[in-house]
Amino acid sequence: MRLLLALLLLPLFSVAQQLTGEQLLERAIAYHDPQGNWETFNGTLFVTMETPDSEPRNSEIQINLPQEFFQVVAKQGDRETLYQIDRGACSIGLNGDMDLTPTELKENNLSCDRATLYKNYYTYLYGLPMKLKDPGTYVDPVVTKVSFKGKIYLRLKVTYEETVGTDIWFFYFDPNTYAMEVYQFYKGDPEDKGKDTGEYILLSDEVEISGIKMPKDRAWYYNKGDKYLGIDRLKD
């Protein structure tokens with residue numbers, strides 16, 4: 001039985017050995033964004049975040065890369081926040097009020113730093129794997145074949161310039177289609193002190209928006225203990 005399993009996995013091992021990290025990335029981008037539409041992406045995403053013991057948060061996210069415009073309006077219970085960055089200019093709203101005092105901003109934990117955080121968060125995660133071509137991104141040339149949650153993947157390791165980010169990321173691709181199905185990050189070397197840090201995200205189903213295949217559902221878990229954190233659902 002072990003010999004049979006080894007023989008079945010041999011072709012995948014060969015693929016992992018033959019592909020470089022950049023080649024795997026190019027094949028993944030060809031799957032998710034075959035027409036190269038991400039660079040000129042201008043669209044609206046509707047995302048519902050569900051977490052244990054909290055009300056769902058419904059977000060309307062506008063991303064216009066050519067115009068350098070980002071806006072997210074999030075509703076949770078009776079609270080609605082708006083963050084907007086328009087060519088670097090930041091605007092913040094709370095329950096329809098766009099003229100908030102410094103005291104109101106502080107009391108409600110609203111800031112332009114948070115607006116930038118949301119902009120980077122949503123454009124990064126929904127722009128994957130294309131965002132791995134951004135400056136300051138280091139793609140490991142070695143592709144590894146791994147088993148994760150009972151499935152065989154081709155895994156890509158990615159690190160960043162310190163000014164971009166310090167987390168260590170791993171991306172898991174289907175060895176036949178090159179679809180991205182999992183990503184994972186650590187706050188340090190996973191072979192050392194970082195092994196119990198960070199999270200992994202399971203991607204399921206797909207939504208095609210502006211010709212780009214994006215994950216419909218993203219379920220988040222801690223690496224340590226596999227604790228479930230929540231799920232983001234992208235509407236069709």
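This predicted model holds 1 disulfide. The bond is formed by C90 and C112, whose sulfur atoms lie 2.3 Å apart, and a pair of cysteine sulfur atoms within 2.5 Å is counted as a disulfide. The torsion about the S-S bond of C90 and C112 is about -100°, so the disulfide is left-handed. C90 belongs to strand β5, residues 89-94, while C112 belongs to helix α4, residues 112-125; the pair therefore ties together parts that are 22 residues apart in sequence.

C90 has a relative accessibility of 27% and so counts as partly exposed. C112, with a relative accessible area of 38%, is also partly exposed.

A further part of the model to follow is the pairing around strand β1. This strand covers residues 42-50 and pairs with strand β2, residues 57-64, in the antiparallel sense, over 8 bridges. Within this pairing, G43 has I63 of β2 as its bridge partner. β1 and β2 form a hairpin, and 6 residues stand between the two strands. D53 is in the turn of that hairpin and has a positive phi of about 65°.

Strand β1 is also joined to strand β13, residues 228-234, by 4 bridges, and β1 and β13 run antiparallel. In this pairing T48 stands opposite R233 of β13. Strand β1 thus has antiparallel pairings with β2 and with β13, because at least two bridges are found between the strands in each case.

Definitions and conventions: Residues numbered from 1 in each chain as written. Predicted model: local features only at pLDDT ≥ 70, side-chain atom pairs only at ≥ 80, totals over all residues. Heavy atoms only, no water. Buried < 20%, exposed > 50% of the residue type's maximum accessible area, 1.4 Å probe, protein only.
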